[in-house]
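I opened this entry to record what I looked up, item by item. The notes follow the order in which I checked things.

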Protein chains: 2
Amino acid sequence: MRLFAKQGYAAVSMRQIAAGVGVQAGALYNYTPDKQSLLFGLMQGHMQDLLTARAARDRPEDPLAQLEDFTRFHIAFHMERADAVFVSYMELRNLDDENFATIESLRRRYEDELEQILRQGVSTGVFSVPDTKIATLALIAMLTGVNTWYRTGGRLSVKEVEAIYWDMVRKAVAP
Amino acid sequence: MRLFAKQGYAAVSMRQIAAGVGVQAGALYNYTPDKQSLLFGLMQGHMQDLLTARAARDRPEDPLAQLEDFTRFHIAFHMERADAVFVSYMELRNLDDENFATIESLRRRYEDELEQILRQGVSTGVFSVPDTKIATLALIAMLTGVNTWYRTGGRLSVKEVEAIYWDMVRKAVAP
DNA sequence: GTTTTATCTGAACATATGTTCAGATAGCAT
DNA sequence: ATGCTATCTGAACATATGTTCAGATAAAAC
C-alpha cells in the first residue's frame, strides 16, 4: 500500500511488492490471481473499512450534530490512513470496468449518507445549500483535501484540524 | 495530455504518444530529451497558463469581491481544462526532485494569492477563518473538486456551477 | 518416519519499455 | 541540379515487465 501510494500502481512492479514483504515475485501468485486484483483488494478493503467504521458510530439526533459528527469522523479517518486514501482516489483509472463499478458504488454509499444529512437539515431549515448533491461533493472534496497538506507530527493535532474544518463546514451550509 | 489524464504517466508509452500525434516513437526525441521532460513541460505549461490567466484579470477593490472573482475564475479555468488539471494533480510523484520543486513553487504562488485575499479580509473584519493557510487549502480543494463530477454538457452551465460554489465559499469564510 | 499439504524459490516465457541512431525523405536556398 | 537543414522512419539496444511452473523446503498429519 505504501508502495502504491508513493509510486503509483503502474510504476510498482510485482518484484518490488514481493521484496516489500520479503518474498520472491512468484510467491505472490499464491495470494492473488494477478496484479489488478491486488489493487482492487486494497481499495475494496479500504472502502469497506470506511463504511464499517462509519456505521459503528451512533448517529446523533439533529442534522447539525450529525454533520459535525460526519465532518470529524471523515477527517480523523482520512488523516490516519493517508496511503490508502491516496491510492483509492488516484488509482481508480487502473481498475477494469467491473472493479471500478464496485468501488464507485461503495463510495456513493458513503456520499449518500452525507447528502441525506444535508437534505434533512435543509428540509428543517437548519441548513441552506444551493444543491445538496453538489454540496455533498464539495464538502467531501474539502475535507479530503486535508490529506494534501497534513503530516503527522505537524503543528496541529487531529482534534484541532477537525475543529478548523468543522467551523468552515458549519458556516458553508448555514442558512 | 489526454492520454496522460486517462491512463497515467507511467502507463502511457512513448509509442502511444507518438501514435497519438501520427509519428514513430523515435521522432519524439526531436522535441523532448526524455519522457519525464515531456510530462514536466505539460505541467509547467499548465501552471503558467493558470498564473498568466489569473494575472490578466483586474482585481476588484474589496476582499469580498476579490474572493468572488477568485472563486469564479478558479472554477471556470479548471472546468475547461479537466485533463491538464487532472495530470497536474496526479502526476506530481512522477517528477524528479528538481522538477517537482519547480511545479510546487508555481502552485504555491497561486495559493498565496488566495491566502492574501483571506488575510486582508480577516484583518478588515469582512472574513473570519480559523487559519488562513488551512482555509486557503480547504477552499482550493473544494473548488478543484468540481473536476471530479462535472462533465461538459451536463445539466449545469459553468455560470451556474460558479454561483453554487460561490455561495458556499462566501458563507464558509463569513464572520 | 513417511506422506500430505502448503508455501516459496529461481529460472524461464513472451512481450513491452525508453532510448539511440544510421539512413531515408522532403522542403528550401543557392 | 546541388547542397543544406530539419524531420521522420525503422530497426536495434538493453532492460524491465507480469505471469507461469517444475521442483525445493518445511511444517502438519497420520
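How do the residues of the surface near DNA strand C divide into nonpolar, polar and charged? I note that this is a predicted model. I get five nonpolar, five polar and three charged residues for that surface. In all, 13 residues surround DNA strand C. I list the closest as A:Gln24, A:Gly26, B:Ser13, B:Gly26 and B:Asp34.

Next, the two protein chains.

I superposed chain B on chain A: a rotation of 180° does it, with 0.0 Å of shift along the axis and an RMSD of 0.0 Å. That is the relation of a two-fold axis.

I then looked up the contact and found 26 residues from chain B and 26 residues from chain A in it. On the chain B side, helix 1 (2-7), helix 7 (132-144), helix 8 (146-149) and helix 9 (158-172) each supply at least two residues. I sorted the residues of that side into 17 nonpolar, four polar and five charged. The copies meet through the same surface, because 100% of the interface residues of chain B are also interface residues in chain A.

Last, a single residue.

I picked B:Glu111, which sits in helix 6 (residues 97-123) of chain B.

Terms used:
Residues are numbered from 1 along each chain as its sequence is written. Chains are lettered from A and ligands numbered from 1 in the order in which they are written. This is a predicted model: local features need pLDDT of at least 70, side-chain atom pairs count only at pLDDT 80 or more; totals for chains, interfaces and linings use all residues. A residue is near a molecule or strand if its C-beta atom, placed from the backbone, lies within 6 Å of it. Ala, Val, Leu, Ile, Met, Phe, Trp, Tyr, Cys and Pro count as nonpolar, Asp, Glu, Lys and Arg as charged, and the others, Gly among them, as polar. Two residues are in contact if their C-beta atoms, placed from the backbone, lie within 7 Å. Helices (H or I, at least four residues) and strands (E, at least two) are DSSP runs, numbered from the N terminus. Copies are superposed by least squares on the C-alpha atoms of residues with pLDDT of at least 70 in both.
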